[in-house]
Amino acid sequence: MTASSSSFSRPSSRVPRGRVLAWAMWDWGSAAFNAVIVTFVFSVYLTDSVGKDLEEPFSAATWLSIAIALAGLVIALTAPIMGQRADRGGRRRRSLAIWTYLTIVLTALMFLVDADVPNPWFWIGLVLLAVGSITFEFAEVSYFAMLRQVSTPATVGRVSGFGWAMGYFGGIFLLLAAFLGFISGDGDERGLLGITVDGGLNVRMVCLVAAVWFAVFALPVLLKVPENRPKVPGGDGPTRRDDDNDDDTGVGIVESYLILWADLKALWRRDRRTVKFLVASAIFRDGLAGVFTFGAILAVTVYGLAPGDVLIFGVAANIVAALGAVAAGYLDDRLGPKTVIIGSLVAMLLTMTVLLFVDGTTMFWIFGLLMCLFVGPAQSASRSFLARLVPPASDGQMFGLYATTGRAVSFLAPSLFAVFTAVFAADRAGIAGIALVLLVGLLLLLPVRTPTTSETTEHWAADPSTPTA
């Protein structure tokens, strides 16, 4: 262990635990949109029920992929600007509130999407999902940017890990509640509550529950975490906030892009590793996303897992990933985030190599869960790595770029999965495609120098929005 890495464990000023918990509750609540709306419930309902009769010129699933791709393009082009303007105006918490509750409103409106009236409700549902993906990503940029406001140089790793774990656990809890209460069963009335399936009412009720869930658990961070300090337009750091002045920045959209370009050029001259880390993390984060995207498919088609057992495996996988994120948070603070990311990626690559050659459900349960153990740590440490690198008062802009770079390469894992399965005529080969994405991200990360404790402490000290006591 080097001197610089060991110094991550030095004690520093403390942040009230209530503030950390309040921040992490947003992660817990946001699972309502990520897990319920986008991944498991509403998107499936939209394509399989509301749009099931669509054939010309595209299927419902194709239209969904087009809508999500367009939403990703909007995010890639605008996320850094949204983060930058929140930084400069000293309105990060307000930005989080606006985008979060816009997402919640859009989620609640999904209740109106009636499966018995597909036209126009399929198209309305598609728009609600796409726009919701945009507003959610904007909210997440502001939320990630608050990480330094609820941690210190000595605790940023474990705070990030705790938040990520809360997201996993929140998703597990809400998915099980939705399944048992509204979806389980085979008759015309589903779940323990006996909600009718007519018009997809049982699924639409889940959307309302998800909206209320997110609305409630988004409140603590808005009440407990202080607002960031504004940054003078064209200046290098934060300044005192004038609460009587509601003019956030005095900077227009075009000028915001010019400022972004100037900041990027200055960042490249001053510290290129931030740019290199953004590129490397974007690639391996896409590989991590691919693990969850294609894991359920491979579980059934390759390893013989029963379709009904996939949800059980998904719950177990999320629990394991959450526990891994919490444990790795402590290692992050002691050894540094780069060590955690490299260790996690190497462990995943070894596990995926084993999965290429084994068969049967037992082997998948063992090595599939072992692989998931390292997904959470890699995601959490990536967030804390950037928090340590971010120049003072630029958290929002940098985490906006974090979102942008991730969206820019989001085609890699799906594309390589498709290429490998096609070339080798076997679904199993798709594992190698995802592993290749992780390997490339790992190799690009290796030369990126870990921020030292002195650099991290300097960034914290230079930004009065961060804790000092």
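Mentor: A crossing is left-handed if the near helix is turned anticlockwise from the far one by less than a right angle, and right-handed if clockwise. Please keep in mind that this is a predicted model.

Trainee: Which way does α3 cross α6, left-handed or right-handed?

Mentor: The crossing of α3 past α6 is left-handed.

Trainee: At what angle do those two helices pack, and how far apart are their axes?

Mentor: Helix α3, residues 42–50, packs against helix α6, residues 118–145, at about 155°, and the axes are 11 Å apart. Angles over 145 degrees count as roughly antiparallel, so α3 is roughly antiparallel to α6.

Trainee: Which residues make the contact?

Mentor: From α3 there are Phe42, Ser43, Leu46 and Val50. Helix α6 contributes Pro118, Trp121, Phe122, Gly125, Leu126 and Leu129.

Trainee: And what is the make-up of that contact by class?

Mentor: Between α3 and α6, eight of the contact residues are nonpolar, two are polar and none is charged.

Trainee: New topic: how many disulfides are there?

Mentor: The count is zero disulfides, taking a disulfide as a pair of cysteine sulfur atoms within 2.5 Å.

Trainee: Is Cys207 buried or exposed? What about Cys372?

Mentor: Cys207 has a relative accessible area of 1%, and Cys372 has 5%. Buried means under 20%, so Cys207 is buried and Cys372 is buried as well.

Trainee: Where is Asn318 found, and what does it contact?

Mentor: Asn318 is in helix α12, residues 307–335. Setting aside neighbours within four places in sequence, Asn318 is in contact with Tyr168 and Ile172.

Trainee: Why does Asn318 count as buried?

Mentor: Asn318 counts as buried because its relative accessibility is 18%, and the cut-off is under 20%.

Notes: Residues are numbered from 1 along each chain as its sequence is written. This is a predicted model: local features need pLDDT of at least 70, side-chain atom pairs count only at pLDDT 80 or more; totals for chains, interfaces and linings use all residues. Side-chain values use heavy atoms; hydrogens and water are left out. Buried means under 20% relative accessible area, exposed over 50%, partly exposed in between (1.4 Å probe, protein chains only). Helices (H or I, at least four residues) and strands (E, at least two) are DSSP runs, numbered from the N terminus. Contact means heavy atoms within 4.5 Å. Axes are lines fitted to C-alpha atoms, for helices over the stretch in contact, and angles run from 0 to 180 degrees between N-to-C directions. Angles under 35 degrees count as roughly parallel, over 145 as roughly antiparallel, 65 to 115 as roughly perpendicular and the rest as oblique. Ala, Val, Leu, Ile, Met, Phe, Trp, Tyr, Cys and Pro count as nonpolar, Asp, Glu, Lys and Arg as charged, and the others, Gly among them, as polar.
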